[in-house]
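Good morning, and thank you for coming.

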Amino acid sequence: MAALIEIASPASGGRPRKGAGGRWGWLLLPALALLAVLFLVPLGLMAWRSVTEPTPGAGNYSWFLTSDVALATLVRTLTVGAVVTLVTLLLSYPYAYLMTVVGARARIWLTLLVLLPFWTSLMVRTFAWVVLLQDSGVVNQLLGTVGLGPLQLIRTPTGVVIGMSQVLMPFMVLPLYAVMNGIDRRLLDAAQGMGARPAVAFWRVFVPLSLPGVGAGALTVFITSLGFYVTPALLGSPDQALISQQIFTQVNGLLAWGRGGAMGVVLLAVTLVLLGLVGVVLRITRTRGGAR
Amino acid sequence: MRTGPARIALWAFSALVGLWLIAPTLVVIPLSFTDKASLVFPPSGWSTRWYANFFSDPRWLDALFSSLQVGALVAVVATVLGTAAAIALTRSGSRWVKGSYGLLLAPMIVPTVVVAIGVYALFLQYNLLGTLLGFVTAHTVLALPFVIIPVTASLRGFDRRLEDAALICGATRWGAIRQVTLPQIAPGVVSGALFAFVTSFDEVVVSLFIQSPYLQTLPVKMFASVTRDTDPTIAAAATLIIVFTTVLVLAATFTTARRNRVR
């Protein structure tokens, strides 16, 4: 997502005209008004309730920081996010690399394979994983034929990681591809011309140059994973809930708006801090691009 | 990396990754044609009874109809607001306009569950739960970034001297935009509208909070169905969604691709 934003940023290529500012600005107002009422007000309302319900004060936050369950949930959410990020990176890196070296026609197909699941309903994809991972499901049948006996996959963190990794793959492949595609391949030839073996040239030249893409992809996947609800709710177990499931239960089940709101604020804060990191990574990318 | 074995290994690995991306979803399609009342793969016999079931059950049909209705309205509202915003964003030099770009894309990044509980609190207060107005406005906020991004990209590729030429030839400002600019950026606007529709059509988390027994969208109905029963009707619903979104996304992708080729 961060990569998408970066690509589309008007600041990076728009041609605003000096002095014509005021004439166009009002066209922004309807969108901003809607955003204020249905995005900023709700976020404010949530934050407000976290410090006023059930009693005014920071009670909900001190509950969060002292409750073993709440902290364990936060740690579990971060751990699952980290594992998912690693899995998607390992699977996406070679795939994105292949996208940069094949011909135009093959590239269209490889891109479509990424974009189709990206736009296929999250609900449908999660439902498919429920079917595949269930105790008598396809995955367990396959495991059975190779003698690995039925494993408990659904209602475990493993199941959640499998489902989330597949769902989040496009967020890793797309920024990786965008950065890899911009790498000047003559640098690899130059390294080889000076005597480096292909593998060494790849490892010492290509991989470091692709790191901004790795950073952007990893942070995007990690950030998105923190707010995931549907996939963990359907593939995970309730007693190993992630933070979004806890928020859902607090608000919808227990009507504990204060605690739910406090967890929401914590989740939002973690997201914003990580987003700041994305900004730093992208600035590094741009500086490097400029220096080249 | 241009040597044989490494290339073959790379292709083999990527083929498996491609399979991992696409295959899990496709499993749903044969499941929807099973003749058994359970979700066992592969099906032992074939029938279309779950589709018959889907199209004769008023609850599924109402959910489908609600989703189409909300999605269409969101596509219209988000496209109008998003296109207007994109024009302002690419043309205004003022600081506050540029600064609001990040804000407009924020719904894409802020965890949906956080937005959802806030919207839920707001809608509870103003009796908007389970209303068409509530669904359309809440979904429009989430869909706006997906309109603004492609339309901004289109506008960047548009040569504004064409619009100036129309003005010199006597067109009004609005006339020039309508007859010159909008037709030129149409591919971006169309793909934005399709993506806005798909965003609304797929949305689950906010919808779970703002639904009521009177207004449920298709993903909400599916969510309830997965947790409650193992009736393959849900596989039929999922297959219909897959076919429908695939067609829309291919259409959007190829409109964008054509635009790029023309330029």
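Predicted model: local features only at pLDDT ≥ 70, side-chain atom pairs only at ≥ 80, totals over all residues.

In chain A, 72% of the contacts with a separation of 6 or more are between residues 24 or more positions apart, where contact means heavy atoms within 4.5 Å. Residues are numbered from 1 along each chain as its sequence is written, chains are lettered from A and ligands numbered from 1 in the order in which they are written, and side-chain values use heavy atoms, with hydrogens and water left out.

Which elements make up chain A? Chain A has 14 helices and zero strands. Helices (H or I, at least four residues) and strands (E, at least two) are DSSP runs, numbered from the N terminus. Chain A has 292 residues, and 53% of them count as buried. Here buried means under 20% relative accessible area, exposed means over 50%, and partly exposed lies in between, with a 1.4 Å probe and protein chains only.

Leu74(A) belongs to helix H5 of chain A, residues 68-101. Apart from neighbours within four places in sequence, Leu74(A) touches Phe64(A) and Ile243(A). Between Leu74(A) and Val266(A) there are 9.3 Å in space, C-alpha to C-alpha, although they are 192 residues apart in sequence.

I turn now to one residue in detail. Arg49(A) sits in helix H3 of chain A, residues 29-52. Is Arg49(A) buried or exposed? Arg49(A) counts as buried because its relative accessibility is 15%. Beyond its neighbours within four places in sequence, Arg49(A) is in contact with residues of chain A, namely Asn60(A), Trp257(A) and Gly258(A), and with Ala121(B) and Gln125(B) of chain B.

Side chains of opposite charge can pair when their charged atoms come close. A salt bridge is counted when a side-chain nitrogen of Lys or Arg is within 4 Å of a carboxyl oxygen of Asp or Glu. Arg49(A) forms one with Glu53(A), the closest N and O atoms being 3.6 Å apart. Glu53(A) is partly exposed, at 27% relative accessibility. Glu53(A) is also joined to Pro54(A) by a cis peptide bond, with omega about -5°. Pro54(A) itself is placed in the loop between H3 and helix H4 (59-66) of chain A.

**Other salt bridges**

How many salt bridges are there over all chains? The count is seven. One of them pairs Asp135(A) with Arg155(A), with 3.3 Å between the closest N and O atoms. Asp135(A) lies in the loop between H7 and helix H8 (138-145) of chain A, and Arg155(A) in the loop between H8 and H9 of chain A, so this pair ties together parts that are 20 residues apart in sequence. Another joins Asp184(A) and Arg186(A) at 2.8 Å, N to O. In chain B, salt bridges that share partners link Arg91(B), Glu163(B) and Arg173(B) into one network.

**Space inside the model**

Rolling a probe the size of a water molecule over the atoms shows where empty space is left. On a 1 Å grid over the protein atoms alone, a cavity is a set of points where a 1.4 Å probe fits but cannot get out, and lining residues have an atom within 4 Å of a point. Grid points are joined across faces, edges and corners, and a volume is the space filled by probe spheres set on the points. By this rule there are four cavities of 30 Å³ or more, and the largest cavity holds about 770 Å³ of space.

Which residues lie nearest the centre of the largest cavity? Of the 29 residues that line it, they are Leu122(A), Phe171(A), Thr224(A), Thr112(B) and Phe146(B). The largest share of this lining, three residues, comes from H9(B).

**Two loop residues**

Finally, Leu255(A) has a positive phi of about 55° although it is not a glycine. Leu255(A) is placed in the loop between helix H13 (243-253) and helix H14 (257-291) of chain A, and is exposed, with a relative accessible area of 56%. In chain B, Asn127(B) likewise is a residue other than glycine with a positive phi, near 55°. Asn127(B) counts as exposed, at 67% relative accessibility.

Terms used: 1 Å grid on protein atoms, 1.4 Å probe; cavity = no way out; pocket = protein on both sides within 12 Å on 5 of 7 lines; lining within 4 Å.
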